[in-house]
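Please look at the sequence and the model together, and follow the paragraphs below with both of them in view.

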Amino acid sequence: MNGHAFLQAGSFSVRLTLQQRQETDDGAGGFASLWQNLDPVWARIIPVEGIVAHSAANLGHAITHWIYIRMNNSVRPGMRFVKGARIFDVDTVHDPDETGRYLVCKVVERS
């Protein structure tokens with residue numbers, strides 16, 4: 001049985017915006033990062049696990065998800081998806097069944 005059989009047109013019910021980091025000269029020898037909106041995409045978001053990161057100053061919390069989308073050759077690690085105030089940093093991207101129909105992105109939600 002195909003482990004990705006649940007990937008049907010109706011399961012992509014969340015609208016996300018794909019963003020790419022743009023770095024510009026800040027005029028002082030460094031750079032400033034801005035996020036440029038690229039394609040809006042329909043997606044299925046599946047929560048996978050919670051990760052808690054400890055540091056001396058504070059406690060940060062990030063939630064890891066799988067985001068399934070239709071094939072989009074623009075998506076690369078280092079990009080991000082945005083849904084309102086929620087931000088999902090793209091860690092990995094792969095074609096789950098090697099048919100060229102879908103992508104699975106492993107993402108980390110930043111708080």
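This is a predicted model: local features need pLDDT of at least 70, side-chain atom pairs count only at pLDDT 80 or more; totals for chains, interfaces and linings use all residues.

Of the 111 residues of the protein, 28% count as buried.

Turning to the fold, the protein has six strands and zero helices, so that the pattern read along the sequence is β-β-β-β-β-β.

The largest nonpolar core holds 15 residues, of which Leu16, Ile67, Ile69, Val75, Phe81, Cys105 and Val107 touch the most other members. At least two residues of this core are supplied by each of β1 (14-25), β2 (31-54), β3 (59-70), β5 and β6. If we take Ile67 as an example and leave aside residues up to four places away in sequence, Ile67 touches Leu16, Ala43, Arg44, Ile45, Phe81, Phe88, Leu103, Val104, Cys105 and Val107.

A last stop is the loop between β5 (86-94) and β6 (102-110), where Glu98 lies. Most residues other than glycine have a negative phi. The phi of Glu98, however, is near 55°, a positive value in a residue other than glycine. Is Glu98 buried or exposed? Glu98 counts as exposed because its relative accessible area is 73%, and the cut-off for exposed is over 50%.

Definitions and conventions. Residues are numbered from 1 along each chain as its sequence is written. Side-chain values use heavy atoms; hydrogens and water are left out. Helices (H or I, at least four residues) and strands (E, at least two) are DSSP runs, numbered from the N terminus. Buried means under 20% relative accessible area, exposed over 50%, partly exposed in between (1.4 Å probe, protein chains only). A nonpolar core is a set of buried Ala, Val, Leu, Ile, Met, Phe, Trp, Tyr and Cys residues joined through side-chain atoms within 4.5 Å. Contact means heavy atoms within 4.5 Å.
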